[in-house]
Amino acid sequence: MKNHVFLLTLSTLLICSCSSGTSSFTSISQDGSIESTSSLSSSMTSEELSASTSAPSSIPSSQSSSEATSTTSSSSPLVNPNLEALKGQCLSLPGEENSMGMIFSTTRVSFDARVYFYGTSICTKSGTGNPYWAFAVNETGYIYAAISDKDYATAKDYAGLDNQYFHIEGTLSLCYGTPQIQVDAWDFIEERTFNVFNSTLDKYVGELQTLENIYDSAKASRINSKGVYYGSLTRFEGVFVAKMDNSVLLFSDGLKTVKLHGSSKISNSFTLGSTYQVYGVPSMYQYCPGFEYVSNSKIEKEIAIPEATKTTTAASTYNWKYQNDTTKHQTSYENLFGDLYTFTGYVSCYMKNSSYYFVLTDELRDLPFTSYTEAINGKALFVKNETENNLYTEQEMLHSFLADHYMNDQKITLTFSPYLWNTQKYFQAYFLPESITPVH
């Protein structure tokens, strides 16, 4: 009966679609969910790749921002300081942290640098400093530059281009022990006298790390009240496993997996199944560990995707959540990430605007959920894969890996990687399509 109802509904949708002259495939965000993402934007290529031809080649100058929260000094700034030495000066700043983990100063600096990615503290409370972070690198080292929302709005749409060089001025500060510049002048450099490549990064990146080391670093870090942290420049070797989202890729070093966050075009820098040395920084965003992308170099090395080591039910994932507004690490949530899980059960779906959104359930259901809220109440495991969401046309159904199993009431086993606890109070998982196996 489900087969007949499913196809009849789809046929009706196709007739409506043809009569209106349109068909649609939009993002899962239409279901009312709000997804968290760690990196706001990132470099999309390594030094061997050219900048995107579809994006503008430069950004308008933001002039001098009047929104910096640190106290400026009338003294002349320290010009072109060594950034590695500058971090030491930040760590030696006198005074005590305020309630938001900040120490500010009036010591001014001025330098030029390449910006690779932007992040955010999420916090908007007084005393947090500028709310956005730019990862700035030049020949003397790297440091985080805290920029205002105005400067971020000017620069964010151009993130991912390899010509993003800025003149930066501001004052030294510390954010939960991390050296920062509180920026009050942020200007795009059209004609520069220096370049930053992977060879520059190699001077400061340190030893090659395993993903387990990277997770340990993030989970041992100091975090703010929104579970946010950005770490030191490092690198790992891993195979590109899957594109989880436009700005999130799944990598594995053969033992663990990690979500690599970058720009909306980050996948242009990689080929599925290939192995890379990946440069970036360990991070934590709403208590979820990850890795912020800076650059990469392709390597000739075979790395196998690890087997799933844990099993779960759909209902159990409703215990996979974090408590917000605390600077304490939440080990049970943070430890979910890095491993692959096995799920055995059934495919169901919920409907929104006459489109299908597939979910996983522990028990077979005769009818679809009428809404994502009902799916939450039914303890369904939500699927992140774009091939399984907002399916309206027959063509879209043909690209689904779950549709046939839904129509045939087929019990299946599959492997998935945890994505995140959604703010709409359900967990999202990204399954590996090749892992789906019917249970007879």
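Good morning. The accessible surface of the protein chain comes to about 18,400 Å² (Shrake-Rupley method, 1.4 Å probe; for residues, only the protein chains shown count as cover), and 49% of that surface belongs to carbon and sulfur atoms. This is a predicted model, in which local features need pLDDT of at least 70 and side-chain atom pairs count only at pLDDT 80 or more, while totals for chains, interfaces and linings use all residues. Residues are numbered from 1 along each chain as its sequence is written, and side-chain values use heavy atoms, with hydrogens and water left out.

Let us turn to helix 2. In this helix, residues 83-91, the buried residues are Leu83, Leu86, Lys87 and Cys90. Seen down the helix axis, they fall within an arc of 105° (taken from the directions from the axis to the C-beta atoms), so they line one face of helix 2. Their cover includes strand 3 (102-120), strand 5 (141-147) and strand 7.

Strand 7, residues 178-188, contains Pro179. Pro179 counts as buried because its relative accessibility is 11%. What does Pro179 contact, leaving aside its neighbours within four places in sequence? Its contacts (heavy atoms within 4.5 Å) include Lys87, Cys90 and Leu91, as well as Ile143 and Tyr144. Pro179 and Ser92 are 87 residues apart in sequence, yet 9.8 Å apart in space, C-alpha to C-alpha. Thank you.

Terms used:
Helices (H or I, at least four residues) and strands (E, at least two) are DSSP runs, numbered from the N terminus. Buried means under 20% relative accessible area, exposed over 50%, partly exposed in between (1.4 Å probe, protein chains only).
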